[in-house]
Amino acid sequence: MSTRIDGVVLLDKPAGMSSQGAVTAVKRAFNAEKAGHTGTLDPMATGLLPICLGEATKYSQDLLEADKTYVAQVKFGSRTDTGDAEGLVIEELPLPTFDNSADIQKALDALLPKFTGAISQVPPMFSALKRDGKPLYEYARAGVELKRNPRDIVIHKIRWTDIQWPQATLEVTCSKGTYIRVLAEDLGNALGCGAHLVGLRRTEVGHLSLEQSFTIESIQQAVHDSSSYILPVDALLQTLPHLTVDEQQAKRLEMGQRVPLNLPSIEALVRIYRATAAPHNFIGTADWRSGVLHPKRLISQAH
């Protein structure tokens with residue numbers, strides 16, 4: 001029988017495993033009732049995949065909206081139908097000639113300004129975006145190409161960390177909805193020789209980092225000591241302002257009632273995530289507006 005477990009597991013997803021497969025494996029390892037992820041990673045990609053268990057699934061959307069950081073290996077000189085190494089090579093193009101490594105660095109650095117800040121990106125056909133209820137990759141596999149509208153994204157930081165020409169490693173911090181495969185292809189097009197992604201590792205999701213994560217093997221081997229692998233539900237919400245309420249106020253919020261509360265006027269919007277009556281008792285998020293605390297998303301306290 002499955003048990004109620006509320007919290008967050010930071011998984012270092014291995015290559016070849018789908019995000020849904022990772023969720024299933026973690027859910028099974030902890031025998032949890034309910035589990036979900038916070039945004040997919042392609043099967044080829046590795047790295048940080050926060051998995052929400054139980055009541056934490058209510059807050060997975062907050063991480064879907066968060067910025068992400070990736071380390072990506074880009075190979076110049078060829079294009080594939082998927083934009084990454086899992087696809088078929090559809091075009092080989094001559095590489096630009098450089099006299100030395102300094103010239104390569106200079107040419108690659110010169111590409112980055114136009115890929116920094118607010119830019120638009122056309123989502124790839126090999127993606128889970130849906131059209132008429134069907135994911136785009138299903139159309140792509142059937143050889144059908146559909147028109148996709150560009151989407152606005154933000155590249156906060158982008159830099160080359162290593163160059164082994166014709167491959168180069170990129171570190172990117174970007175907004176939600178960014179396709180690193182498309183970024184690699186666009187960089188290749190800008191250089192005039194095409195490119196595709198040959199490696200991708202996610203290192204950060206919002207304020208959570210890969211350094212805090214565990215492999216699926218270590219999780220499966222240590223299920224009897226699950227406490228060291230499961231972060232509390234509010235681990236997802238550490239960047240929100242912290243507000244404590246008393247026991248009476250906590251009870252009212254848990255019943256879905258609004259609570260009059262005086263706060264300094266500088267606090268335009270505050271979200272709650274701990275009840276003073278029990279200092280470590282996270283009860284949920286709430287908006288504070290005009291002297292009143294409105295319950296927003298509360299966790300079930302019943303066990």
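Which residues does aspartate 12 touch, not counting residues up to four places away in sequence?

1. **Ground rules.** This is a predicted model, in which local features need pLDDT of at least 70 and side-chain atom pairs count only at pLDDT 80 or more, while totals for chains, interfaces and linings use all residues. Residues are numbered from 1 along each chain as its sequence is written, and side-chain values use heavy atoms, with hydrogens and water left out.

2. **Aspartate 12.** Its touching residues are Gly47, Arg201, Leu210, Ser213, Phe214 and Thr215, leaving out those up to four places away in sequence; contact means heavy atoms within 4.5 Å. Aspartate 12 sits in strand β1 (residues 7–13). Helices (H or I, at least four residues) and strands (E, at least two) are DSSP runs, numbered from the N terminus. With a relative accessible area of 17%, aspartate 12 is buried, where buried means under 20%, exposed over 50% and partly exposed in between (1.4 Å probe, protein chains only).

3. **The whole protein.** You will find seven helices and 18 strands here. Of the 303 residues, 46% count as buried. The C-alpha trace spans about 70 × 50 × 40 Å along its principal axes.

4. **The largest nonpolar core.** A nonpolar core is a set of buried Ala, Val, Leu, Ile, Met, Phe, Trp, Tyr and Cys residues joined through side-chain atoms within 4.5 Å. The largest one has 31 residues, and Phe76 and Leu170 touch the most other members. Elements giving two or more residues to this core include β4 (68–76), β10 (151–164) and β12 (195–205), and α5 gives the most, with five residues. Domain 1 (7–65 + 208–231) and domain 2 (68–205) both contribute to this core, so it lies between them; the domain bounds come from an automatic or database domain assignment. A second, separate core of 18 residues includes Ala25, Leu49, Ile216 and Tyr229.

5. **Phenylalanine 76 up close.** Leaving aside neighbours within four places in sequence, the contacts of phenylalanine 76 include Leu108, Trp160, Trp165, Leu187 and Leu191.

6. The axes of α3 (residues 101–111) and α5 (residues 180–191) come within 10 Å and cross at roughly 115°. Axes are lines fitted to C-alpha atoms, for helices over the stretch in contact, and angles run from 0 to 180 degrees between N-to-C directions. Ala107, Leu108 and Leu111 of α3 make the contact with Leu187, Ala190 and Leu191 of α5.
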